[in-house]
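Colleague: I have just opened this one and would like to go through it with you before I set anything up. Can you take my questions as they come?

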Amino acid sequence: MPLAAGLPGGAAGAAMGAAVGPVSLRELLLAATAAAEGGGAAAAGGDEEVCVVGIFGKTALQLCSEKAALVSTVCDRQVFPLFEQEDPELADGAPGQEGDPATKDYNQLQAYYSQESRVLYLVLTSICDTPQLLRACGDLAAAESRESGPGHPSGGPAPLPHAEAHEFWKHQEKLHCLSLLYLFSVCHILLLVHPTCSFDITYDRVFRALDGLRQKVLPSLKAAIKDCPVGKEWKLNCRPCPPRLLFLFQLNGALKVDPLPSRGQDPCGHLEKPPPKKHSPKRRLQHALEDQIYRIFRKSRVLTNQSINCLFTVPANQAFVYIVAGGAQDGDDPVAMLLDQLRNNCTMRETDSLLAPTLSGPRRYQMMRHGRQQLSFHAESSSSSSSSSGQLVDCTLKEFLWQHVELVLSKKGFDDSVGRNPQPSHFELPTYQKWVAAALKLYEVTIEGKDDDPTSLTGELSSKIMGSIKVLEGYLDIDTKFSENRCQKALPMAHSAYQSNLPHNYTMTVHKNQLAQALRVYSQHARGPAFHKYAMQLNEDCYKFWSNGHQLCEERSLTDQHCVHKFHLLPKAGEKPEADRNPPILYHNSRARSTGACNCGRKQAPRDDPFDIKAANYDFYQLLEEKCCGKLEHINFPIFQPSTPDPAPARDESSPAPPEGEIEKLKEKEPQTQGESTGLSLALSLGQSTGSLGTYPPDAQGGGDNAESHGQSGDSKSEKRPSLVDRQASTVEYLPGMLHSNCPKGLLPKFSSWSLVKLGPAKAYNFHTGLDQQGFIPGTNYLMPWDIVIRTRTEDEGDLDTNSWPAPNKAVPGKRSAVVMGRGRRRDDIARAFVGFEYEDARGRRFMCSGPDKVMKVMGGGPKESAIKALNSDMPLYILSSTQGRGLKPHYAQFMRLFVVVPDAPLQITLTPQVQPGPPPCPVFYPEKQEITLPSDGLWVLRFPYAYVTERGPCFPPKESQQLMSYKVLRGILKAITQ
């Protein structure tokens, strides 16, 4: 702590107390020690015996300190400045801490030695005083501003959490208690200053805490002063004597003696005035406070019969309470005092004006106070009226204090023990140098926290002292103690709320929901600064309970079903599952089973819910290939052909970054994957057109609604863009997922998720009976007819729509007039193909759709509706199943197969399937060979993937709230070109 005022005379002056102002106690002790080691006059002057008076307490919200003003009043001179000056050490903080308020000690000990009266005054300033409280609050506000930063959402500093603020103030209270412990260890007399005229009951708790702390740290204090030149009793009790505690209360102008009103102003003047009492109101209040304080301390056993065992003593036959009549009239408020003095100086008489310039220094201060006393109407200054009326004269503050100081200076000591067998207490009046030697050692132990070990580092906290400080928590931090008891009682209720209605194994989502319920129950009962601490403990306890054998596997299947096993590991290549290990080694299983058909659709078999893309789109169908469609003709899609024994999956570096606006949507809707349908081409090694994934124009989407789509234009073949020069696909890196519009170019998967199988020739399909396969709902197993005009029309044949059925009895130009269209059409004019869009649900029920959201229903004789409408529309990838179950959850059927009957005619039917399994920005999926030309005279089946997966994850089926039309098979899946 730096000097509070200048020190004339250097270290010798400080050691002798010749300073005109107060100094920091630490500087005083160091200067006196240096002077004693240097010897000389300074050391010789330190043989004077001194009485040490400590002053502590609270102050009102004023600019000046009442405690400092009391020293000025007793010494009858302006010792302390009127206004507090900021301590630069407190402003800068500890070195390296950048002004962190948590590391600061806002307690200041200032010393003033009155050499005339041989009294050393120690004034403790803490956060109980207005200046230090303002500094602490300012430092907290600055720390909040630094932590929150300029980007705080509220635009201002973030408020300090309740628990942290409570811990900060309680830490400062502990430091204040350490400073009080020091005062109670080095002082003879202690003055407790309070800004009101009522006793603060919290001091009872503070004194009990100090008494318990003193008993704990007494061995450390003994070890600190064992080599000091003080008496044996001082070394044994670590104090010169049991200090006497005096109380000073401020009235703040509440008690005044008004002058008697005149006879004309008194309405009750005819009443007889009661006789005056023996004691003034101020003295009666002092006696009442003394009785109250003594009873409180005796009840709490802070005061006992034997004074040697007490933290402090109070006199039995002397006054220990004094009431200071505060207010502007006594100079306690410097602004009011200066204004009154200025007003009085302006109205001085001539005799006073001649005398005023000659007054300066202490004499000027005395004249100011004496002048104010003549104008004061306080009970203290009205001594003449009190004596004439028969009341006892009230003593001054200096007289009140000096009756106790004289007992110390006369070496009589304090005999404050009571009872039948009172034991005399020890007393020692040290010299200045002896007191400095003992006070410096105690200062290093209690205030600075240094260890008594000489090898300890400077500033290192003593483990013994810091361990003993915990004794204070039970006394001072009542709020935290109550809060911890309350929170500990709320924890079992919160644990019960967490474990209620829990399955044996559950997922992270269930854990978070149950934890939120437990925190809700906890917050209803827990209170206080320990709330956050035990909330974190509740969080940890619930997590330990969940992770200790109750954690469910978080993996979700490709149909968005959770694995039912508890947390487990997957078997490695060639490793068998072991359910008894910890954690067990098992394959994922959601216990969900469905029924699916093979590639050609003729055989159905049950299947487990798949968790990887290979099991979903390849392994299941390969098992059925051996039993059903292995001997059928296939059109194979190109796959990855490795050239190295250890091929690596390709990194998704070329995938575009997700748009900022879609990030939150993708978190909520996990079925979608990132990327936009940008129309990227397939790998150049496939020899496909780079524009094949572009947006289809309206006239090119269908298969028979215009002349160009049927090859009726003579330029149709020439307009077809030739395939690009083949480029070898990568033989080192493979595509880990499926082929889609956002994958890197030149990469192929290890297997194909698509299948194209020929069931037989075109005549294998019977238009009247439909498909003869398992699982079809009756009346839904028919393919729709698709009539394709294969003869080029001339201009004179008119603009007749060849795709529509002609009107009855209407002749076709250029043909025999007797032949009616629709009944005698020539075979070489129109070729009829058949198309079927098959949907399959999880229970193996299959049906055809004749259009978007329209399930086919044929009573007999084959369907009458053409396939042109379905070919010109985006068909839904998922549709509500035609037969729903009893549950509330809807059942969806997925588009699984496309049946195409290619007639034996001079035309080419090109297959270009494209699937978008989710709303944008979900990419578009397509097979490894995008444009597939189907050979004529055949019944072909294109099996679509069961699940759609990208490098970023699976595209899950739609939820109940999602639009089904966002999951679609794009139009233009079939094109017909005449040869």
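This is a predicted model: local features need pLDDT of at least 70, side-chain atom pairs count only at pLDDT 80 or more; totals for chains, interfaces and linings use all residues.

Colleague: Let's turn to helices. At what angle do the axes of α18 and α20 cross?

Modeller: Helix α18, residues 478-499, and helix α20, residues 531-547, have axes that come within 10 Å and cross at roughly 30°. That angle makes α18 roughly parallel to α20, and the crossing of α18 past α20 is right-handed.

Colleague: Which residues in α18 meet α20?

Modeller: On the α18 side they include Cys487, Leu491, Ala494 and Tyr498, and among those they meet in α20 are Tyr534, Leu538, Cys542 and Trp546.

Colleague: What about α19, how does that pack with α20?

Modeller: Helix α19, residues 508-525, packs with α20 at an angle of about 150°, the axes being 10 Å apart, and α19 passes α20 in a right-handed crossing. The contact involves, among others, Leu515, Ala518 and Tyr522 of α19 together with Phe531, Leu538 and Trp546 of α20.

Colleague: How far apart are the axes of α18 and α19, then?

Modeller: The axes of α18 and α19 are 8 Å apart, with a packing angle of about 150°, and α18 passes α19 in a right-handed crossing. Residues making that contact include Ala490, Leu491, Ala494 and Tyr498 of α18 and His511, Leu515, Ala518 and Tyr522 of α19.

Colleague: Switching topic: how many residues has the largest nonpolar core?

Modeller: The largest nonpolar core has 101 residues, and those with the most contacts inside it are Phe56, Tyr121, Phe207, Phe247 and Trp435. Leaving aside neighbours within four places in sequence, Phe56 is in contact with, among others, Lys67, Leu124, Phe184, Tyr203, Phe207 and Leu245. Apart from that core lies another, of 83 residues, among them Met856, Val858, Ile868 and Ala976.

Colleague: I was also looking at Phe925. Where is it found?

Modeller: Phe925 is in the loop between β22 (915-917) and β23 (932-934), and with 0% relative accessibility Phe925 counts as buried.

Colleague: Which residues is Phe925 in contact with, leaving aside its neighbours within four places?

Modeller: They include Met738, Leu739, His740, Trp754, Pro913, Tyr948 and Cys955. The C-alpha atoms of Phe925 and Cys743 are separated by 9.9 Å, although the two residues are 182 apart along the chain.

Colleague: You mention Cys955. How many disulfides does a search of the whole structure find?

Modeller: The search finds zero disulfides.

Colleague: Are Cys955 and Cys346 buried or exposed?

Modeller: Cys955 is buried, with a relative accessible area of 4%, whereas Cys346 is exposed, with a relative accessible area of 63%.

Technical notes
Residues are numbered from 1 along each chain as its sequence is written. Side-chain values use heavy atoms; hydrogens and water are left out. A disulfide is a pair of cysteine sulfur atoms within 2.5 Å. Buried means under 20% relative accessible area, exposed over 50%, partly exposed in between (1.4 Å probe, protein chains only). A nonpolar core is a set of buried Ala, Val, Leu, Ile, Met, Phe, Trp, Tyr and Cys residues joined through side-chain atoms within 4.5 Å. Contact means heavy atoms within 4.5 Å. Axes are lines fitted to C-alpha atoms, for helices over the stretch in contact, and angles run from 0 to 180 degrees between N-to-C directions. Helices (H or I, at least four residues) and strands (E, at least two) are DSSP runs, numbered from the N terminus. Angles under 35 degrees count as roughly parallel, over 145 as roughly antiparallel, 65 to 115 as roughly perpendicular and the rest as oblique. A crossing is left-handed if the near helix is turned anticlockwise from the far one by less than a right angle, and right-handed if clockwise.
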